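Notebook open, structure loaded. I am jotting down what I look up as I go.

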Amino acid sequence: MFENLVPHLPILIIAIPLFGAFASYLFSKVSDKARDVFAFIVLGVTEFLVLVLGKDIYTNGLRVYTLGATSAELTAPTGYIMPVRIILEVDALSIFMGIITVTVAFIVFIFSLKPMKEYSGTDKYYTLMFLLLVGMLGIEFTGDLFNLFVFLEIASIAGAALVAFFTHRDESAEAAFKYVVICSLGALLVLFAVALFYGQYDALNIAYLANVMKYSLLDKIAFCVLLCAFAMKAGSAPMHMWKPDAYGEAPGPVAAILVTASLVSMYALLRVCFTLYGRGLNTEVIGWIITVLGLLSIFIGVTMALIQNNFGRLIGYTAVAEVGFILLAAGVGFAGFSSTGFGFTALQAGLFHILNDALDLGLLFLVSGAVLHATGKRNLNELSGLARNMKYTCIFFIVGLCAVAGLPPMNGFASKLMIYESVYQFNPVFSIIAILASIFMLAVFVKVFYSVFLGPELKEFSSVKEVPASMLLAMGALAVLIIVIGLCPDIFVNNVINPAARALIDYGIYRGVV
Amino acid sequence: MIPMSKIVRTITNILYVFIIGFGFYVIIHGHLTPGGGFQGGAVVASAFALLAVAYGRKKIVSMLNKEHLSVAEISGLLAFICLAFLGLGTVFFFNFLAVGRSIPVFSNTPAGINPGDLNTAGILPLMNIAVGVEVLSALGVVILTMFLGFKEGK
């Protein structure tokens, strides 16, 4: 029965959560229970569809969807030489990101079922969560630069509203304001680049633009603008200041999904660099610039994380460092730009690290959310001895700690080792800096582990209970994924990462559909 | 916020009917003339703002119910996305009313110069109405929320 449905999957995966966003508000007018069941069904269906589409794309290759046309594959209407309709284009990289996004959103939803019951305004919380998911999926699947801007705005506004969840706190409002200013600035930069393209080529389709690109001065300005905008949204070093604020103030589950949102703008950065511009640019120079941005992010993120005493802010700074690792690998991959050699390994490592980052940092943020739920505190100086009463949460924190620091049995080790090896062949010094930063990161999290879970038991925490089963289940699911990927990384690299990296290098296939 | 003078209130009584009527005109003629669902919805919401300014906070809060407006907003959004889903027989967002013409709703195709036939363009007028309902109730909620922030008597 799915043969008829498969051509429609790219739009259904965006449209069903969008439907869920609006309908869940109506369901919460009936009862909270009905809303939870409905949201669970919508996310479950989306997860299932994204996996079906993933299987289809990994076996049959890229899929195109033209909205409003008489058939889904009709990209240019009869008599037109260029596409005018909204086109979705899903290749191996898009669906790779899509699977990560929906899976993290599903796990985050299960996690937030219980803790959100304590707060008011949960009807809007689920609507905003769904809208954020729609924004991220739209950025991943769209083949149109203007739609990318629209979905970026959707994700930004939903994200900012979620950061301001604890509206009674002044700091939350400030963090949300910072987030919305940064995101609007990024989105307006993207709009400026879109205007530069539209003025020159009268087109907005990414594949068509890539085909007719003349690499004029205006195109180079547009590239710089897009690079800045997406690096800012991803939280790269000189533009990272919004990240610790937003992640530190948002509730744990929201922070976990915002990590994925910033990785989605990493995807947009890769799409622009590789597919839209490709070899027409001086890849060596641009690769160096991205690499240096990455190193800066690693250095600033790790050193700033060392001195934090707020749980969320600390993980926020390590998230800056982790984005730095991805940028480092992506920069080396762009400088190499080939389907063999260390450049390709670096690109694979970067994509692999995107997957691992979403899982590792997601798990750590969920643990911080669990600690907040159990104790009501986030300040590391006030927490102590929680391992006595919260042993499962403690175990999940150890898994997340090892994964982020890149210790052997976890997934972080596999991708970081690939990054060290490939970057070493590009420039040995960069690799050494990256390894040192990883060691620092271990120090950061061991400090957190000692101050939160070990140490003397405080009187005020003697009655603290382990978090409910649904929250443990969500954290456990992420921990299991981390360990499975860590134990057999070759299966994931060969079957999932490799096609995604090839989709970036062989950009002719993506460009060839229009 | 205290009510404004009797002159303002009398003029408002006359004008707001016309403003709302014009707003709905812009919504319904979205596929023929400049404007559409968003613009028309904003015009209707401006009538709410006029009423709120002229009659003060108490009156507007008793007239408009925030919950009802929220539900109307969501209904507009759901109507829009359901219209898009209905095209799925061919392709998402497919204009099934205008192309096949199997259902005789909004399916005329006038030829040559004409004074503007409302009964055209397939699902576009329906989508304009959906967006119009969404925007007028969303902006109504915004206006209501902003007026709730004022203190009484200032």
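I started with the strands: E1 (residues 63–66) and E2 (residues 87–90) of chain A run antiparallel and are joined by four bridges. For the record, helices (H or I, at least four residues) and strands (E, at least two) are DSSP runs, numbered from the N terminus. Two strands count as paired if DSSP finds at least two bridges between them.

Before going on, a caveat: this is a predicted model, where local features need pLDDT of at least 70 and side-chain atom pairs count only at pLDDT 80 or more, while totals for chains, interfaces and linings use all residues. Residues are numbered from 1 along each chain as its sequence is written, and chains are lettered from A and ligands numbered from 1 in the order in which they are written.

Thr66(A) has Ile87(A) as its bridge partner in E2(A), and Val64(A) stands opposite Glu89(A).

Are the faces of these strands buried or exposed? I call a residue buried if 20 or more other C-beta atoms lie within 10 Å of its own, exposed if 12 or fewer, and partly exposed in between, with C-beta atoms placed from the backbone. In a regular strand the side chains alternate between the two faces of the sheet. On E1(A), Arg63(A) and Tyr65(A) are buried on one side, and Val64(A) and Thr66(A) are buried on the other. E2(A) is covered on both faces too, with Ile87(A) and Glu89(A) buried on one side and Leu88(A) and Val90(A) on the other.

**Chain A overall**

I counted 19 helices and two strands in chain A. Its C-alpha atoms fill a box of roughly 75 × 60 × 40 Å along the principal axes.

Of the 514 residues in chain A, 58% are buried. Two residues are in contact if their C-beta atoms, placed from the backbone, lie within 7 Å. Among the chain A contacts with a separation of 6 or more, 79% link residues 24 or more positions apart.

**Helices in chain A**

I took H13 (residues 341–375) next: its 35 residues reach 50 Å from first C-alpha to last, close to the expected 51 Å at 1.5 Å a residue. The expected span is 1.5 Å times one less than the number of residues. Where is the kink in H13(A) centred? I found it at Asn356(A), with an angle of about 25 degrees. The bend at a residue is the angle between axes fitted to the seven residues ending there and the seven starting there. 31 of the 35 residues of H13(A) are buried, so the helix is largely enclosed by the rest of the structure. Gly376(A) follows H13(A) and has a positive phi, near 75 degrees.

H4 (residues 122–141) has 20 residues and reaches 29 Å, close to the expected 28 Å. I noted 17 of those 20 as buried, so H4(A) is largely enclosed by the rest of the structure.

For H16 (residues 428–452), 25 residues should span 36 Å, and the end C-alpha atoms are 37 Å apart, which agrees. Its buried residues include Phe430(A), Phe440(A), Met441(A) and Phe445(A). Their cover includes H11 (283–306), H12 (311–336), H13, H14 (391–405) and H15 (411–426) of chain A.

**Contact with chain B**

17 residues of chain A are in contact with 14 residues of chain B. Helix H1 (residues 9–30) of chain A gives the largest share of the chain A side, nine residues. That side divides into eleven nonpolar, five polar and one charged. Here Ala, Val, Leu, Ile, Met, Phe, Trp, Tyr, Cys and Pro count as nonpolar, Asp, Glu, Lys and Arg as charged, and the others, Gly among them, as polar.

Tyr215(A) has a positive phi of about 55 degrees although it is not a glycine. I placed Tyr215(A) in the loop between H7 (206–212) and H8 (217–234) of chain A; it is exposed, with 12 other C-beta atoms within 10 Å.

Phe93(B), also not a glycine, has a positive phi near 70 degrees. Phe93(B) is in the loop between H3 and H4 (96–99) of chain B, and is buried, with 23 other C-beta atoms within 10 Å.
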